[in-house]
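Please read them with the structure open beside you.

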Amino acid sequence: MAFIPMIPEEEATGLLKECYARNLRTVGRTSEVVTALSLRPEALRVSTHFRSTTLFGASDLGRRREEFIATLISDLVQCSY
Amino acid sequence: MDRALLAYSEKITFLPERLTSGDLNALREVGYPEKQVIDIVLVAGYRHYITRIANGIGIEIGTDRVEESILAQYTYSPDSPTKKAAEIRELQGDGATLGQVISGTEPGLWVERPNSSGLGETLGREFQEWEKRIGFVPNWLRALSLHQESAAAAGDFARYCTFGGSPLGSPREHLIGYLVASLLRAPYFLGLHGSQLKEQGASGVLLKNVQGWRNAELSEQDQGILEFVEQLTLDSHRVTQEKVDRLVAAGLSESEVLDVVVLTSFFNCFCRVASALGVPLDPTSKSFFEEFKHAF
């Protein structure tokens, strides 16, 4: 269980609801790292905007190399998520 | 090419202060064009943001998304030793002080960037926002100009996390940024946040040795915040519910705990990005270093 409360999709309103909807369109699901920021919708907006311009096909590296970097760094910093 | 990519990812993770233009050249030499070199830095930087968010908030992934056998291989506990800690200490233990690391930084920006006439509308607008807010466009943002969409989004992200954009307020944002930059030995953000803290009246004791925060005159809340920031930066897998509860007991709301996690994660990303690209100091940082470099 997460260390702080998270607002589920069905209870989201306003900017948070928009962020969830945008994430659903681009990633296909509302992932836990998105709901993790739900107490601060503006933080969620700016960070997902940065992600969408940098990853998931936005880089010229391609998904395979993006995931290489992601998996290695996650293991090095011991982040199982 | 993949091997070079992974070697770079490892170095930016553990030894960002040792990155040089030679590391970027190694990527270019195996065939990565200039824009992809910046992509690698940004993708790696983002991973240092999102892994701190996940570990700082305690997010877990279920077996509905990942095969159980894979999950078992990549499950860590707060008791797991920090990877490569001894090796890193040995490499860092070459006697170089933070001041020497800063003095020894190779000058100049290590990546290409378009001149001002090559700026698109979105990034041009973002630069104007920074001019309005602090009177200049930070060099780290200019350094990303070849990747205009990412640079504009990074600028938007930074306006939320710094200079009073977050609910934590400017002094605490700079305090967190200053400690993360010091832990990662990142001269660019050390200068940026140090100069701002100085302007806001931070004590000389704190400015000279922010890693000695336990001996500085700080409120109980600020001490708790810095303890959390230090752990999330260096040993993020060791953050537990108990550590979060300690911040709440010190008077922070759960939303403010999230702010601390977001800001620490942001600085873990962009301190590395700035060190990786060889971003030159902003003018406001130069006088700060002149005054404090002997203390570092």
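1. Which residues does Phe189(B) touch, once residues up to four places away in sequence are left out? In this predicted model, the partners of Phe189(B) on that count are Gly177(B), Ala181(B), Phe267(B), Phe270(B), Cys271(B) and Ala274(B).

2. Phe189(B) also belongs to the largest nonpolar core, which has 109 residues, and together with Ile40(B) and Ala274(B) it is listed among those with the most contacts inside that core. The helix that gives the most to this core is α15 of chain B, spanning residues 254–277, with a contribution of 15 residues. As background, nonpolar side chains tend to be buried together in soluble globular proteins.

3. Leu192(B) is found in helix α11 of chain B, which covers residues 187–199. Leu192(B) counts as buried because 29 other C-beta atoms lie within 10 Å, and 20 or more are enough for that class. Leaving out residues up to four places away in sequence, Leu192(B) touches Pro138(B), Asp282(B) and Ser285(B). The C-alpha atoms of Leu192(B) and Tyr178(B) are separated by 8.2 Å, with the two residues 14 apart along the chain.

4. As to the overall build of chain B, its secondary structure comes to 16 helices and 0 strands. The radius of gyration of chain B is 19 Å, close to the 19 Å that the globule rule gives for 296 residues, so chain B is as compact as a globular protein of that length. Taken along the principal axes, the C-alpha atoms of chain B fill a box of roughly 50 × 50 × 40 Å. Buried residues make up 45% of the 296 residues, and, among contacts in chain B between residues at least 6 apart in sequence, 76% join residues at least 24 apart.

5. For α3(B), 24 residues at 1.5 Å a residue should span 34 Å, and the end C-alpha atoms are 35 Å apart, which agrees. This helix is mostly covered, with 22 of its 24 residues buried, and α3(B) is followed by Gly58(B), whose phi is positive, near 80°. For α13(B), residues 220–234, the 15 residues should span 21 Å at 1.5 Å a residue, and the end C-alpha atoms are 21 Å apart, which agrees.

6. The buried residues of α13(B) are Gly224(B), Ile225(B), Leu226(B), Phe228(B), Val229(B), Leu232(B) and Thr233(B). These buried residues pack against several helices of chain B, namely α3, α10, α14 and α15.

7. Turning to the interface, 38 residues of chain A are in contact with 48 residues of chain B. On the side of chain A that touches chain B, helices α2, α3 and α4 of chain A each supply at least two residues, and the largest share, 10 residues, comes from α4(A). By class, that side of chain A has 22 nonpolar, 8 polar and 8 charged residues.

8. A last point concerns Ala12(A), which lies in the segment before α1 of chain A. Ala12(A) is partly exposed, with 18 other C-beta atoms within 10 Å. Not counting residues up to four places away in sequence, Ala12(A) touches Ile7(A), Lys17(A) and Tyr20(A). The C-alpha atoms of Ala12(A) and Phe56(A), 44 residues apart along the chain, are separated by 25 Å.

Key: Residues are numbered from 1 along each chain as its sequence is written. Chains are lettered from A and ligands numbered from 1 in the order in which they are written. This is a predicted model: local features need pLDDT of at least 70, side-chain atom pairs count only at pLDDT 80 or more; totals for chains, interfaces and linings use all residues. Helices (H or I, at least four residues) and strands (E, at least two) are DSSP runs, numbered from the N terminus. A residue is buried if 20 or more other C-beta atoms lie within 10 Å of its own, exposed if 12 or fewer, and partly exposed in between; C-beta atoms are placed from the backbone. Two residues are in contact if their C-beta atoms, placed from the backbone, lie within 7 Å. A nonpolar core is a set of buried Ala, Val, Leu, Ile, Met, Phe, Trp, Tyr and Cys residues joined through C-beta atoms within 7 Å. The radius of gyration is taken over C-alpha atoms; the globule rule is 2.2 Å times the number of residues to the power 0.38. The expected span of a helix is 1.5 Å times one less than its number of residues. Ala, Val, Leu, Ile, Met, Phe, Trp, Tyr, Cys and Pro count as nonpolar, Asp, Glu, Lys and Arg as charged, and the others, Gly among them, as polar.
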